[in-house]
Every structure is written in structure tokens, then in C-alpha cells.
Amino acid sequence: MLKIQQLRVSYGGIQALRGIDLEVPDGKIVTLIGANGAGKSTTLRTISGLVKAESGSIQWNGEELLGKPIDKIISAGIAMSPEGRRVFADLTVLENLKLGAYLRKDKAEIEKDLKWVYELFPRLEERNWQSAGTLSGGEQQMLAVGRALMSRPKLMMLDEPSLGLAPLVVQDIFSIIREINRQGVTVLLIEQNANMALKIADLAYVLETGNITMSGTGAELLANEKIKEAYLGKH
Ligand code: ATP
């Protein structure tokens, strides 16, 4: 389980996280919702080791992650599919996927996981040799998720996987997130699409200007009047 306590992060003078507490129990889907600039990406980037914390702690199965280099965090079983897709445009789909496994040496297992990713995303297998930059937005998002899965994570963090995608593609991405979770991967999901995220989440946290202001089950937050008003539009 991932346990964050009193995590503070600043960029220069700007406080992005003001002492947040958050737990991601094994096997669950946990979502973090909040407006633009609330600190959602900062949370994931700090867990990944991309951003330094000012204070607090991030424990992963009892082990402190703060201060550890990125490769150690990946090897400990934590992967992130970043916002904006960030695939390597000039490399093929296959090359992108293989890069996701760059820290692993278990060749036979890597081949197995490649098959696993292709089963989850048959579209990627069809486009094996295509350069990633020429994929559609939805396909690039699938590739970003697939690449993260190639490190065989225990915890998969997804930063806005539905951003900019057509509704049908969003449905596909969400059903794959559920499937990944059903196969035993814990999920920490950041979403602007709060409605869909809360529907699949076991647990949810609301982040507002660097503070966690509410938490509960996905169903509880979906039914909450304040959440409906602030994050769910007319639903
Ligand atoms: P969005 O949904 O718009 O991506 P977010 O909730 O993910 O928002 P963050 O990206 O974590 O929010 O940003 C939190 C705050 O920190 C914002 O005020 C942002 O401008 C600021 N911030 C983020 N990254 C940096 C950076 N590298 N340097 C300076 N300020 C930053």
C-alpha cells in the first residue's frame, strides 16, 4: 500500500501541495480529482521521484520513497503514464513499448508482458511498426499506458488518460483501466473527467489548491451535492 503523509511540495515560492495525506490500498482504484492547478500532477510526479518534496513522507509497503531515484521507484513497482501522452514520436510502437521495460533483464517475462499489452490493446499490435508520432490521439494514449505496463507495475499511476479524447475512446480507456485493475494492478488515477473517474473508483480524494478537502468512496462522492455542483456539471 502507498501511504502519503503531510506531503509538501513547492516550486520556488509557489506551494503546490500544502501537507496532504492520502492512501492507496493494494488492489484498489483510487482517484484524485480537482480543478486545474490543484496539484494533482504534482502529487504523481512527486511519487515518481520527478519532483522533490519539501517535507512529509511517501511510504510504499513501509519503505520510504522520498529521496529515492526514479529508477529505484520504478523497480519497486510504481509506473506512471504521463499527461499529454509523451510517447517517443520517432520510435515505433514496439520500440516505445520495449523502452517501458528498460530496467528489466528478464527477457522471457518481457516477451510475455508484451503479449499481455497487445491483448489489452490489439490496436497497438496492428500498428507495431508504425512510428508513434503518426498514431491517433487515442492510440498514443493507449501506447503511453502500455509502455508504463511494460515495467510490470504493482501500482499504475495515470495522469489524465482521457484528456482530449473522443467519448467512445474514453470509454475504451476506462474499461481497460478496470481490466488492468481486475488483473491485480493497483491504480491511482488523476482525472478532470470526475464523473467517469468516480464511477470506477473504490476511493476518491478531492484536491483543492494543494489541500485534500474531501475523501470517500467513489459512490459517496458521486452522490455528494458539493461535488455534483463543483465537479460534475449537470449530472
Ligand atoms: P492540471 O489539471 O491543470 O494539470 P494539476 O492539478 O495537475 O493541474 P499541477 O500541475 O500539479 O496541478 O500544478 C499545481 C501548481 O503548481 C500550479 O499552480 C502550477 O502552476 C504549479 N506548477 C506546476 N509545475 C510547476 C513547475 N515546474 N514550476 C513552477 N510551478 C509549477
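User: How are helices and strands assigned here, and where does valine 87 lie?
Analyst: Helices (H or I, at least four residues) and strands (E, at least two) are DSSP runs, numbered from the N terminus. Valine 87 sits in the loop between β6 (78-81) and α3 (93-99). This is a predicted model: local features need pLDDT of at least 70, side-chain atom pairs count only at pLDDT 80 or more, and totals for chains, interfaces and linings use all residues. Residues are numbered from 1 along each chain as its sequence is written, and side-chain values use heavy atoms, with hydrogens and water left out.

User: Is valine 87 buried or exposed?
Analyst: Buried means under 20% relative accessible area, exposed over 50%, partly exposed in between (1.4 Å probe, protein chains only). Valine 87 is at 14% relative accessibility, so it counts as buried.

User: Which residues does valine 87 touch?
Analyst: Contact means heavy atoms within 4.5 Å. Leaving out residues up to four places away in sequence, valine 87 touches Asn96, Ala132, Gln140, Leu143, Ala144 and Arg147.

User: Why is helix α1 described as largely enclosed?
Analyst: In α1 (residues 40-48), 7 of the 9 residues are buried, so the rest of the structure largely encloses the helix. Among the buried residues are Lys40, Leu44 and Ile47. Just after α1, glycine 49 has a positive phi of about 90°.

User: What classes line the largest pocket?
Analyst: Ala, Val, Leu, Ile, Met, Phe, Trp, Tyr, Cys and Pro count as nonpolar, Asp, Glu, Lys and Arg as charged, and the others, Gly among them, as polar. The lining of the largest pocket has 12 nonpolar, 3 polar and 3 charged residues.
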